[in-house]
Structure formats: C-alpha cells, structure tokens
Amino acid sequence: MPSLLRSAELVIFPSRLRAEAEARRIVLEAPSPRPILGPRFTTFRRLVDDLATEAAPGLLRLDRLAHTLLVEAVIAGARPAYFASQFRGGVPYRGFVNECAALFLELKHAKIDPASFRTAVRKMPDQMRDKGGAIADLFEAAESRRRTVGAGDEADILSAVIEAVRDPKRLMRALEGVARVRVEDVYDCTALQFDLLVALSV
C-alpha cells in the first residue's frame, strides 16, 4: 500500500487502486527537487488489518474462507430438519453454506448477535418463525464453535479494533502521528464500520 512520509493526515480510500492513483498523482506533481511530504494513504481493509495486529494479537483470525468452512462444519454436524432439502448424502450444499456464512457476517456487522436475532424471530409471522428459528440455531451454534476454537471472524476483529481505538489509554502504532483522518467516498458502510469511523474522529 502506498505511503508517503508520515504526516498528520491519514486518508482512507475505498480501494487500493484509488490510493495508488492518488499517490502517483502527488509524486508526479511534486515540485522537484523538494522532498515529498504528504498524507498517508490506506484502505479501510488495510487500516483494520494494521490496527488488528495491536488490538487482538492473540486472536486466531478467520478469513472469509475459514469462516465459511467453520459454518459448513456446524451445519453438517447439526443437520437441521427444517433444512433437510439443503443436504445431499449428509453433506450440505455449498450454496446453502455460503448463504448462511454471509448472513451471519452481515448480522454481526449490523451488531445483531444470536440472542438479538432469536428475539426478532419470535416477532416474525407464524409462517416465517420455523425457518427463522432454524437459522437462529445455526447462528448460535456457529458462534459457539468460533468461541470454542478461540477464533474471530472479520466482524469480531473489527469490534476488537473499535474497542482499542476508543480506549484513550492505548496508543495505536498504526495511528501514530495522525491528527486528522479523511475518508474518501463512504458507501455501503456497515454499522460496525461506521462505529470505527466515529471512533477515529474522536
């Protein structure tokens, strides 16, 4: 990831391509032979990764593939009767596994835990309650398995980062020297991601 000399401004771009393009522009437009002084560039994902190294050093970090495999093992072990049609020979269909894994991450990014989701299921119409309950069971089982192995998915890592950034007693090396954070093009921001932006603004 391109980074110029450390300065008081950290700019967060939506993609690495945008960050690299801006870095090249500043380098090309810098009057020679002056030293290049400018903001530090990063992406949201890279910033979270850098902060996570300090915020959750002992946590086994699950990428999306590892998280999906964990969910697959949970579904295969539970074999919920409601989703019997999603199995073949005792093995859950990959599409069903992927949908469940993505849903669980989406819920956690929206700050919805298994208990909150189960409460919402109770308020669903009768025709949706059985399906909602079966999903809640799998969600709860997946979270239990994750805690048992001492691992964290991307939502857990982000939550740990937010907690660390909010702690005034912690000085994060990834934010050393930063007095201002500028975000380029905020879109499709989840509740957890927005919490991090708010924490960085304090």
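His 67 is buried, at a relative accessible area of 6%; buried denotes under 20% relative accessible area, exposed over 50%, and partly exposed the range in between, with a 1.4 Å probe and protein chains only. The model is predicted, so local features need pLDDT of at least 70 and side-chain atom pairs count only at pLDDT 80 or more, while totals for chains, interfaces and linings use all residues. Residues are numbered from 1 along each chain as its sequence is written, and side-chain values use heavy atoms, with hydrogens and water left out.

**Surroundings of His 67**
- His 67 belongs to helix H3, which spans residues 64-78; helices (H or I, at least four residues) are DSSP runs, numbered from the N terminus.
- Residues up to four places away in sequence aside, His 67 touches Leu 62, Ala 101, Leu 105 and Asp 153, where contact means heavy atoms within 4.5 Å.

**Helix H5**
- In helix H5 (residues 114-122), the buried residues are Pro 114, Phe 117 and Val 121.
- These residues lie on the same side of H5, because they cover an arc of only 60° around the axis; the arc is taken from the directions from the helix axis to the C-beta atoms.
- Ala 115 and Arg 122 are exposed on the other side of H5.
- Helix H4 (94-109) and helix H6 (126-148) are the elements against which the buried residues of H5 pack.

**Cysteines**
- The structure contains 0 disulfides, a disulfide being a pair of cysteine sulfur atoms within 2.5 Å.
- Cys 100 is buried at 6% relative accessibility, whereas Cys 189 is partly exposed at 32%.

Terms used
Helix = DSSP H or I, 4+ residues; strand = E, 2+ residues; numbered from the N terminus.
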